[in-house]
Amino acid sequence: MIKLHNSELEIAVKLHGAELCSIVKNGCEHLWNADPAIWARHSPVLFPIVGRVWESRYRVLNREYSLPQHGFARDMDFTLIEQTPCSATFVLESNEETLAKYPYPFRLTIGYRIDGNKVIVSWDVENTGNGAMHFQIGAHPAFVLPDFDAADPAPRGYFTFTGNKPLYFARPGEKGCAATEITEFKPDCGDTLAITPTAFGPDTYMFENNQLSGVGIVDKQHQPYIDVNFDAPLLALWAPVKAHPECPFVCIEPWYGRCDYMHYEGDFASRPWMNHLSAGEHFTAEYTITVHR
């Protein structure tokens with residue numbers, strides 16, 4: 001466990017998955033504790049896919065491969081390559097195990113840095129092979145709701161949105177892949193969405209096409225709690241409240257990619273929202289978590 005701190009925040013990152021697993025401000029934990037009774041993750045990194053490939057299979061040059069939901073990086077051990085009191089950098093490189101599932105040599109570097117009340121998460125994907133590389137990457141942080149009380153019928157907080165209006169979203173269909181329908185998003189409290197057990201009727205909201213640059217959580221009194229800001233073209237909101245109405249967290253997920261459409265049978269490089277690197281090229285991105293209380 002790698003711990004970083006400044007005068008406002010303390011965070012912790014595991015080598016396994018290079019996963020952010022704690023954000024503490026004023027003695028209060030803001031990330032979900034990964035209780036497997038509800039969801040056994042804190043903030044996994046999704047790579048080399050986001051979501052699912054149809055039937056868990058995909059094709060490259062007429063050869064078939066298999067990948068689990070959200071890829072494999074979240075379940076592999078990274079190497080710590082640099083650390084200061086306020087920052088840490090981790091790396092994962094392709095090997096025989098990854099190449100058997102995903103036939104592209106790569107180096108994935110993940111950085112965490114704290115600056116005041118902000119956590120900056122950075123990604124660098126390098127194509128270390130000789131040919132083109134195709135991939136997706138995304139975040140999946142789960143934030144504990146402030147002053148949570150499962151017995152209270154009032155909203156558990158509210159989402160706020162920075163971006164286009166009106167908003168439109170896609171939703172999962174069969175086998176965790178995307179339906180083709182696009183639905184207008186209608187917040188229920190002016191420009192906010194109340195966080196309730198019924199808020200996640202679509203299971204996952206997937207906002208595409210750079211509609212959003214930020215999503216926040218405000219508490220029951222509409223006071224700022226968490227903001228997530230990003231340049232990602234997709235943003236997902238999810239919580240497992242259908243199975244667990246008492247779920248005390250929500251996920252705000254910047255994505256560079258998403259699942260296949262249902263029944264997708266095309267090649268891997270042509271999947272929706274893929275990123276492409278020539279030999280030796282890098283892809284870089286970051287997002288910021290701001291903790292207000």
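The following exercises, with worked solutions, concern a predicted model.

**Exercise 1.** Determine which strands stand at the edges of the open sheet of 4 strands.

*Solution.* Begin with the strand order, which is E1-E2-E3-E4 with antiparallel pairing. Next, consider the partners: strand E1 (2–5) and strand E4 (28–29) each have a single partner strand, so one side of each is left without a neighbour in the sheet. These two strands therefore stand at the edges.

**Exercise 2.** State over how many bridges strands E2 and E3 pair, and identify the bridge partner of Val 13 in E3.

*Solution.* Strand E2 covers residues 10–14 and strand E3 covers residues 19–25; they pair in the antiparallel sense over 5 bridges. The partner of Val 13 in E3 is Leu 20.

**Exercise 3.** Classify the aromatic pair of Phe 185 and Phe 207, and decide whether each residue is buried or exposed.

*Solution.* The model contains 32 aromatic pairs. In the pair of Phe 185 and Phe 207, the centres are 5.2 Å apart and the planes stand at 90°, and the pair is edge-to-face. Phe 185 belongs to strand E17 (residues 183–185) and Phe 207 to strand E19 (residues 204–207), 22 residues apart. Buried means under 20% relative accessible area. Phe 185, at 5%, is therefore buried, and Phe 207, at 1%, is buried as well.

**Exercise 4.** Classify the pair formed by Tyr 256 and Phe 283 from its ring geometry.

*Solution.* The ring centres lie 5.2 Å apart and the planes meet at 80°, so the pair is edge-to-face. Tyr 256 lies in strand E23 (residues 249–256) and Phe 283 in strand E25 (residues 282–291), 27 residues apart. Both residues, Tyr 256 and Phe 283, are buried.

Conventions: Residues numbered from 1 in each chain as written. Predicted model: local features only at pLDDT ≥ 70, side-chain atom pairs only at ≥ 80, totals over all residues. Heavy atoms only, no water. Pairing = 2+ DSSP bridges. Phe/Tyr/Trp six-rings, centres within 6.5 Å; stacked < 30°, edge-to-face > 60°. Buried < 20%, exposed > 50% of the residue type's maximum accessible area, 1.4 Å probe, protein only.
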